[in-house]
Amino acid sequence: MRDNKGLRGLDDSSTGVLRMLARSPLPLGVVVLLCCTALLGACAEQAVNAEHLAARAGLEKRLLHGEPFEHVIYFNPASGSKTTLHVYLSGDGTPWITRTRIAADPTPRNPIALRLMAMDPSPSLFLGRPCYHGLAHANGCDASLWTSARYSEAVVASMSAALRSFVSQTGYRNLVLIGYSGGGVLAWLIAERLPEVRMLVSIDANLDIDAWTTRHGYSPLTGSLNPARRPPLPTTIAQLHLVGEADQNVPPSLVRAALGPPDPHIVVAARPGDHRCCWEGLWPGVLADIRRMNP
């Protein structure tokens with residue numbers, strides 16, 4: 001199985017360490033040991049980043065049961081609306097370590113979606129994917145669920161079931177789904193299953209996974225669902241799709257092509273930045289857009 005991202009899937013710090021070691025005059029065995037140590041440190045940092053960020057933001061961590069997977073969630077009950085809940089979904093994280101080596105833990109090293117949620121004054125929920133956030137070895141988990149089948153029926157069904165359970169427990173009647181990168185793919189696929197969804201917001205989302213893998217020469221995501229091949233979402237669901245003007249991973253042209261002909265119910269907005277840069281600085285303005293489109 002070929003990779004999707006290679007070393008680009010690593011965070012900046014661990015990639016730098018590996019490049020430094022690759023140039024090292026040390027014996028190969030020592031270099032391998034140091035590489036493994038660096039990677040283990042990076043894996044440990046994944047959970048620490050999310051945990052520390054959630055703690056600083058005062059978010060409640062829970063474990064929520066889906067069908068059949070468990071999901072780590074972070075919840076901010078906040079004040080304000082008692083009926084509307086903003087639901088954040090993360091990107092793909094690190095499915096691969098190299099072009100041929102699958103990651104043991106795909107959890108994002110830079111939890112952009114969680115960072116954006118921490119800035120949101122509205123009641124909000126971060127819904128973790130199956131097998132992410134320390135659950136890679138939980139029952140039913142295998143590497144396909146964060147590689148080729150990362151947007152599969154099993155993943156979408158379990159996340160939908162978990163969110164449905166949370167809504168039933170808390171009483172929220174209106175959902176705004178906010179997905180970053182691959183989380184935007186999942187947000188679309190969940191939106192068509194839950195009648196409580198009032199708005200879909202995607203950020204640099206690869207909404208046509210076939211066009212995306214072809215563009216980059218990645219392995220096809222066999223077993224995954226493709227939003228571009230699904231029926232259109234109901235017009236009762238407002239849509240805001242945000243893309244970085246300089247994004248080379250998911251360029252604006254890919255998003256526009258995935259959405260098809262212009263639709264008055266769908267807003268596509270190109271903003272400064274690339275796939276990772278600058279969304280936190282833009283987020284207060286985006287939240288104002290969300291409130292305006294979903295009062």
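## Gly-223

Gly-223 counts as exposed, at 52% relative accessibility (exposed is over 50% relative accessible area, buried under 20%, partly exposed in between, with a 1.4 Å probe and protein chains only). Gly-223 sits in the loop between α6 (209-216) and β7 (238-244); helices (H or I, at least four residues) and strands (E, at least two) are DSSP runs numbered from the N terminus.

## Basis of the model

The model is predicted: local features need pLDDT of at least 70 and side-chain atom pairs count only at pLDDT 80 or more, while totals for chains, interfaces and linings use all residues. Residues are numbered from 1 along each chain as its sequence is written, and side-chain values use heavy atoms, with hydrogens and water left out.

## Asp-92

Asp-92 lies in the loop between β3 (84-89) and α3 (112-118). Asp-92 is buried, with a relative accessible area of 4%. Beyond its neighbours within four places in sequence, its contacts include Pro-106, Arg-129 and Arg-150.

## Strand β4

In strand β4 (residues 124-127), Ser-124 and Phe-126 point one way and Leu-125 and Leu-127 the other, and all are buried. Strand β2 (residues 70-76) runs antiparallel to β4 and is joined to it by four bridges; strands pair if DSSP finds at least two bridges between them. Ser-124 is the bridge partner of Asn-76. Three bridges join β3 to β4, and these strands run parallel.

Definitions and conventions: Contact means heavy atoms within 4.5 Å.
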